[in-house]
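Trainee: I would like to learn how to read an interface and a sheet from coordinates. Can we work through one case?

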Amino acid sequence: MVRSVLTVEQSDDVDALASAVDAEESLTATRCTSVQAAREALQDRSFDCVVTEYEFDDGSGLEVVEAIRETDPQTPCVLFTSVKPGEIDTASFEDLIVEYLNKDLPDVYDRLGYVVEDLIEHSTQVGFLKPDDEDERLEALREYDVEELPVEESFDRLTNLVATHFDVAVAFVGLIEEDRENFLACHGADWDSLTREETICTHSMLQEDVMVIEDISADRRFSDNSSLENLGIVSYAGANMTTSDGQVIGQLCLIDYEPREFSPAQREQLQQFAATAMEILELRQTVLDARATEVEG
Amino acid sequence: MSLSTGGQFDFGGVDLPSVDGNTSILLVGDDAGALESVSYRLLAGEEPAALLHTQSSGRAVQRDLNGVQSGAGDNARVLTPEGAATGDDVTVVDDVGDLTSVGMHLSATLDEVQAAGERFRAGIYLGTDVAASVSDTRSMYRFLNSNFLTPIRRNEGLGVCAMDTTTDIGADVDSTLAGMSSSFSARVDVERMGRREVRLDTDDLGAAGQSVTLSL
């Protein structure tokens, strides 16, 4: 797969920068020579990575980073410049995180392509933490051919039952993919998916026990999350859906539009429901695999 | 003395097993002094070190590292909001919550060390001070991913991040640390046992359920 990289550099140097990116077979560079041109390019299409100089006549490279963070916050960005970090004005950009590369270092143009590939391959600038064995987890998730499994009705019934049992506004089953959480069933709301960076489940999946957030406005992991605010989410409880070999691939979750507490007994019940959801998924997959074997036979 | 042999990082004076490159250790405890001492023990080695220290001047940090292993402090670069900048080794940042600036400084420092062809040890003391200074924890995670865990992975380095559970980080600290633990290679819990003694507990380094006592 060829990845697109927005290279933003002053006109005298843009070819050298773009050539360094293009030197990698898997990368293709788009050239821009001003902040404004970069903004327009970002409006026109998406990019897998941005590499930008700091100094431009019409602004700074951090403005380019800010522009892509607004629309696609998980895209990795490299500030590629001779300007030292201490000389860079960050006063207006305190929450922008970039990889800094000093373009005066020896061989840096030779290393740039590798760095960009690595940034894209490992999603290195996402605003959430991944489990140490994320690759194995995603491999386990790929074992379930969700598109082909007739689980929708089962999960609809389950989330309906769960929402009623706990008297909450929303209950959902979500599978946590590489970049997004996709909801297989959602009682009480019409949600399809959220990015990993936006969803609470990306935190919950890292914990063995049921995770409860009684009021997200009191927790800095979520209080500035406008997506959660726009959905009206106030409280959360999530339990892991864990495969037989211990990989967490999804969550069964409860959402309410007001602060909520959950007792130890309720947390245990939610965990039992999550285990049931996992069993449904595994049984359906087993049946699908058996049918495929019959057809092949 | 801490030596690294066969591509592994050793911890001189600490009875923990050597670790391979690309190992990140989360140090967790409720005693900042104990966390600082253990951080220095793990970061002092023959390799160059880079440390973001949120509370002490660069010179003080280098002095303490030299106290653990002769020359370790002289071979360390320190990023701190305290004290004065000196030479290329100590960089002062205005605000540890300005993660754009702190991240670029850390990224540049580790890249310079790596470009010289050397493996490195990298540390953050205290990660909880960083977390407490940002309004959105996602910025802290982006900083950890981009400017700390990535250079460690990419360059087969060793990373140590200390978290003080008594710091108010604006979120459930146990839940936050449980999440962070699964993203680091190992978690080591640090408990002070006496004025000059701490106990380290870990399930992730070497034998499961390992517990070692360390004299400070």
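This is a predicted model: local features need pLDDT of at least 70, side-chain atom pairs count only at pLDDT 80 or more; totals for chains, interfaces and linings use all residues.

Trainee: How many residues does the contact take from chain A and from chain B?

Mentor: Contact means heavy atoms within 4.5 Å. Chain A gives 46 residues and chain B gives 45 residues.

Trainee: What area do chain A and chain B bury between them?

Mentor: The size of an interface is often given as the accessible area lost when the parts come together. Buried area is that loss for two parts, taken with a 1.4 Å probe and summed over both. Here the value is about 3900 Å², 47% of it on carbon and sulfur atoms.

Trainee: How many salt bridges does the rule find across the interface?

Mentor: The rule asks for a side-chain nitrogen of Lys or Arg within 4 Å of a carboxyl oxygen of Asp or Glu. It finds 5 salt bridges between chain A and chain B. One of the salt bridges joins B:Arg153 and A:Asp118, at 2.8 Å from N to O.

Trainee: Which elements of chain A supply at least two residues of the side that touches chain B?

Mentor: Helices (H or I, at least four residues) and strands (E, at least two) are DSSP runs, numbered from the N terminus. The elements are helix H3 (61-71), strand S7 (99-102) and helix H4 (108-121) of chain A. H4(A) contributes the largest share, 5 residues.

Trainee: What is the order of the strands in the open sheet of chain B?

Mentor: Strands of a sheet pair through backbone hydrogen bonds, either parallel or antiparallel. Two strands count as paired if DSSP finds at least two bridges between them. In chain B, 9 strands run in the order S6-S5-S4-S7-S8-S3-S9-S10-S11, with mixed pairing. Strand S6 (90-92) and strand S11 (210-215) of chain B are at the edges with a single partner strand each, so one side of each has no neighbour in the sheet. From one strand to the next, the twist averages 20 degrees; angles run from 0 to 180 degrees between N-to-C directions, and axes are lines fitted to C-alpha atoms, for helices over the stretch in contact.

Trainee: In which sense do strand S5 and S6 of chain B pair?

Mentor: S5(B), residues 76-80, and S6(B) are parallel over 3 bridges. B:Val78 has B:Val90 in S6(B) as its bridge partner. Helix H2 (residues 58-68) of chain B lies across strand S4 (49-53), S5 and S6 of chain B, at about 140 degrees to S5(B).

Trainee: What is the pairing in the open sheet of chain A?

Mentor: The pairing is antiparallel, with 6 strands in the order S10-S9-S8-S13-S12-S11 (chain A). Strand S9 (residues 180-187) of chain A is joined to S10(A) by 3 bridges, and A:Asn182 has A:Ser193 in S10(A) as its bridge partner.

Trainee: Which backbone details remain?

Mentor: The peptide bond from B:Tyr125 to B:Leu126 is cis, with omega near 0 degrees. In chain A, A:Asp167 has phi near 55 degrees, a positive value in a residue other than glycine. A:Asp167 belongs to the loop between helix H6 (152-166) and strand S8 (170-176) of chain A.

Conventions
Residues are numbered from 1 along each chain as its sequence is written. Chains are lettered from A and ligands numbered from 1 in the order in which they are written. Side-chain values use heavy atoms; hydrogens and water are left out.
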